[in-house]
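Subject: Handover of a structure and notes on its contents

Dear colleague,

Please find below the structure that I am handing over to you. My notes on what was found in it follow directly after.

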Amino acid sequence: HHLFGQLFQEWFGILIDNEQMTAMIDDAFAPVILQDGYEILFDNLSGGEKTSAALAYRLALNKVINEIIQDIKTKDLLILDEPTDGFSSEQLDKVREVLERLGIKQTILVSHEAKIESFVEHIIHVEPYLLAMAPITPPNFVMHVGLAPTAQKRLESHGEAGNPRIIAGRDFTPEDAGKAVG
């Protein structure tokens, strides 16, 4: 409980970067957010604050589980889908710091945030209606992948047809990308 609470508090503090806001874990492992010493209901947090709390909680939980259970086969892999929703540009920079502190060998990040491209080693762009693949050039690469008609219709039904996702990863090789999309 102590390590989990300590990591949650540390990473929330990095992501929020507001001396008046702190976080802790209560006895039931629920996150508690304080502003100037007073508890704030989660519903009253801004979008970026909610996302910061959720990301800090998940990353702390992941770290603690990996410390406790030694034979987890995915210990050096972290997959995050849209972990920065509602983040400011400054908070995106803080995500880099937290990911570096985690020390995980391979992180796969799915995001609409172009700024994330600046702190990853490899990038895959997924765009609807695009049929050709761009050349892959180390050390960074960009791969454009066309979506199947059913996937395209699903994106359109969710209002995301014109909003490609960036799939970015540290130590995510072109060979891994071929397996992921192939």
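This is a predicted model: local features need pLDDT of at least 70, side-chain atom pairs count only at pLDDT 80 or more; totals for chains, interfaces and linings use all residues.

Phe29 forms an aromatic pair with Phe4. The ring centres are 6.0 Å apart and the planes stand at 40 degrees to each other, an arrangement classed as tilted. Phe4 belongs to helix 1 (residues 2–16), while Phe29 sits in the loop between strand 1 (21–25) and strand 2 (31–35). The two residues are 25 residues apart, and their pair links distant parts of the chain. The whole structure contains four aromatic pairs. One aromatic cluster is made up of Phe4, Phe8, Phe12, Phe29 and Tyr57.

In general, a packed pair of helices is described by the distance between the axes and the angle between them. For helix 1 and helix 2 (residues 47–68), the axes come within 8 Å and cross at roughly 145 degrees. The crossing of these two helices is right-handed. On the side of helix 1, the residues in contact include Phe4, Phe8, Trp11 and Phe12. On the side of helix 2, they include Ala53, Ala56, Tyr57, Ala60 and Val64. Sorted by class, the contact between helix 1 and helix 2 comprises 16 nonpolar residues, one polar residue and three charged residues.

Lys115 is placed in the loop between strand 5 (106–111) and strand 6 (122–126). Its relative accessibility is 27%, so Lys115 counts as partly exposed. Which residues does Lys115 contact when its neighbours within four places in sequence are left aside? They are Ser89, Leu92 and Asp93. Between Lys115 and Leu92 there are 23 residues of separation in sequence, and their C-alpha atoms are 7.4 Å apart in space.

Asp36 has a phi near 50 degrees, which is a positive value in a residue other than glycine. Asp36 lies in the loop between strand 2 and strand 3 (38–40). With a relative accessible area of 52%, Asp36 is exposed.

Glu82 is not a glycine, yet Glu82 has a positive phi of about 55 degrees. The loop that holds Glu82 runs between strand 4 (77–81) and helix 3 (89–102). Is Glu82 buried or partly exposed? Glu82 counts as partly exposed, because its relative accessibility is 23% and the buried class is under 20%.

Finally, some notes on the chain as a whole. Its secondary structure consists of five helices and eight strands. Along the sequence, these elements follow the pattern α-β-β-β-α-β-α-β-β-β-α-β-α. The chain has 182 residues, and 36% of them are buried. Among the contacts with a separation of 6 or more, 63% are between residues 24 or more positions apart. The chain exposes about 10,500 Å², of which carbon and sulfur atoms supply 54%.

Yours sincerely,
A colleague

How values were computed:
Residues are numbered from 1 along each chain as its sequence is written. Side-chain values use heavy atoms; hydrogens and water are left out. Helices (H or I, at least four residues) and strands (E, at least two) are DSSP runs, numbered from the N terminus. Buried means under 20% relative accessible area, exposed over 50%, partly exposed in between (1.4 Å probe, protein chains only). Contact means heavy atoms within 4.5 Å. Accessible areas come from the Shrake-Rupley method with a 1.4 Å probe; for residues, only the protein chains shown count as cover. Rings of Phe, Tyr and Trp (its six-membered ring) pair if their centres lie within 6.5 Å; planes under 30 degrees apart count as stacked, over 60 as edge-to-face and the rest as tilted. Axes are lines fitted to C-alpha atoms, for helices over the stretch in contact, and angles run from 0 to 180 degrees between N-to-C directions. A crossing is left-handed if the near helix is turned anticlockwise from the far one by less than a right angle, and right-handed if clockwise. Ala, Val, Leu, Ile, Met, Phe, Trp, Tyr, Cys and Pro count as nonpolar, Asp, Glu, Lys and Arg as charged, and the others, Gly among them, as polar.
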